[in-house]
Amino acid sequence: MTEIQTSSFPKPAWGHTLSTAMPVVLGYLPIGFAYGVLAINAGLSIFQIVLMSIIVYAGSSQLIAVSLFAQAIHPLSIIATTFIVNLRHLLMSAALAPHLSEWKKRQVALFSFELTDESFGVHSLRFDRGENQPKPTITINIICQSAWILGSFLGAVAGNLIQDVRPFALDYALPAMFIALLVLQIKNRTYLLIAVFSAILSLILWQFGVTQWHVIIATIIAASIGAGVDTWQNQQS
Amino acid sequence: MAESTVLITLVGMALVTYIPRLIPAWFLRDKHLPAFLIAWLRYVPVAVLAALLLPSLLIEGDQINFSTSNLYLWAAIPAGLVAWKKKSLFGTVILGMLVVAILRWFIP
């Protein structure tokens with residue numbers, strides 16, 4: 001790994017942009033593939049499967065939607081579920097917002113469209129290092145979404161041949177990515193404690209039947225405690 | 001479901017996904033935020049990723065599996081170590097999937 005240039009004259013560092021996007025690409029290809037396989041088996045057409053990956057672009061909610069389509073759930077219910085599952089991006093968008101102050105409006109609009117859990121994880125690390133130039137950021141997003149669309153398409157094409165994605169452990173790409181993104185975010189002991197607290201709270205809420213809102217509620221409470229601890233420590237010193 | 005109904009559903013899904021992604025980035029980016037809110041936003045990444053991770057490891061179907069038969073949990077150990085020691089997103093994902101695939105191969 002070479003030193004990262006953060007000088008005021010950004011170079012066309014294609015290699016760096018590609019290597020930043022690569023882990024997400026390698027996660028999205030198999031998960032997108034799994035989504036395509038499941039969606040074909042749920043009765044969606046290749047066109048619909050690829051279209052969803054282009055205009056919705058939200059992995060977990062697409063997988064949930066597929067299972068709802070398969071059960072012929074009412075469209076409004078599918079849309080409402082998608083809304084709730086993806087509401088967590090509100091917090092991610094807010095967390096990244098301060099880094100976008102120099103950006104043009106259309107760049108913000110394009111960037112937000114491709115804001116996923118994984119791209120958020122990657123960009124929150126980059127932005128902390130001062131790498132928040134719009135062009136490489138949006139390029140990384142476009143590479144990631146292309147991988148998602150390609151994976152979906154290949155899965156849809158192969159869908160009639162494959163009934164089970166489990167032997168290839170395609171289903172573990174998502175948890176593994178969360179592990180890496182989380183570990184990379186932990187900067188000191190307070191972060192670690194907040195992470196442990198949020199994880200356990202999220203699980204407890206889910207166990208008590210809060211199966212749609214557990215992530216959002218746990219995040220809000222845990223981040224508030226973290227901010228409270230920070231504020232308190234600043235007052236002490 | 002009719003072709004047109006599916007398409008309308010997809011457009012609806014796209015809208016309700018895009019709006020929460022856009023609104024905060026659009027309206028908060030040029031505001032001077034209070035110190036507490038900035039501190040709060042600093043903790044959102046760890047909090048949200050942790051809140052997503054633990055349920056994704058432990059929930060199988062519609063219940064919590066906290067037993068030794070949960071391969072996701074076992075695979076999380078080497079994956080977490082690689083993430084911590086190597087700081088590699090790619091290495092973590094590949095190793096995690098490899099461990100789960102191998103475990104499934106040996107444990108029917």
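Predicted model: local features only at pLDDT ≥ 70, side-chain atom pairs only at ≥ 80, totals over all residues.
Residues are numbered from 1 along each chain as its sequence is written, chains are lettered from A in the order in which they are written, and side-chain values use heavy atoms, with hydrogens and water left out.

The interface joins 96 residues of chain A to 65 residues of chain B. Contact here means heavy atoms within 4.5 Å. The buried area is about 7,100 Å². This is the accessible area (1.4 Å probe) that the two parts lose on being put together, summed over both. Carbon and sulfur atoms give 78% of that area.

One salt bridge crosses the interface of chain A and chain B. The term requires a side-chain nitrogen of Lys or Arg within 4 Å of a carboxyl oxygen of Asp or Glu. The partners are D230(A) and R42(B), and their closest N and O atoms are 2.9 Å apart. Helix α11 (residues 214-236) of chain A supplies 13 residues, the largest share of the side of chain A that touches chain B. Helices (H or I, at least four residues) and strands (E, at least two) are DSSP runs, numbered from the N terminus. That side of chain A holds 67 nonpolar, 22 polar and seven charged residues. Ala, Val, Leu, Ile, Met, Phe, Trp, Tyr, Cys and Pro count as nonpolar, Asp, Glu, Lys and Arg as charged, and the others, Gly among them, as polar.

A cavity is a set of points where a 1.4 Å probe fits but cannot get out; a pocket is an open set with protein on both sides within 12 Å along at least five of seven lines; lining residues have an atom within 4 Å of a point. Grid points are joined across faces, edges and corners, and a volume is the space filled by probe spheres set on the points.

One cavity of 30 Å³ or more was found. The largest cavity holds about 140 Å³. Its lining has 17 residues, with Y28(A), A58(A), G59(A), S60(A) and E118(A) closest to the centre.

The largest pocket holds about 1,700 Å³. Its lining has 45 residues; I64(A), L174(A), S56(B), I59(B) and G61(B) lie nearest the centre. α3(A) gives the most to this lining, with five residues.
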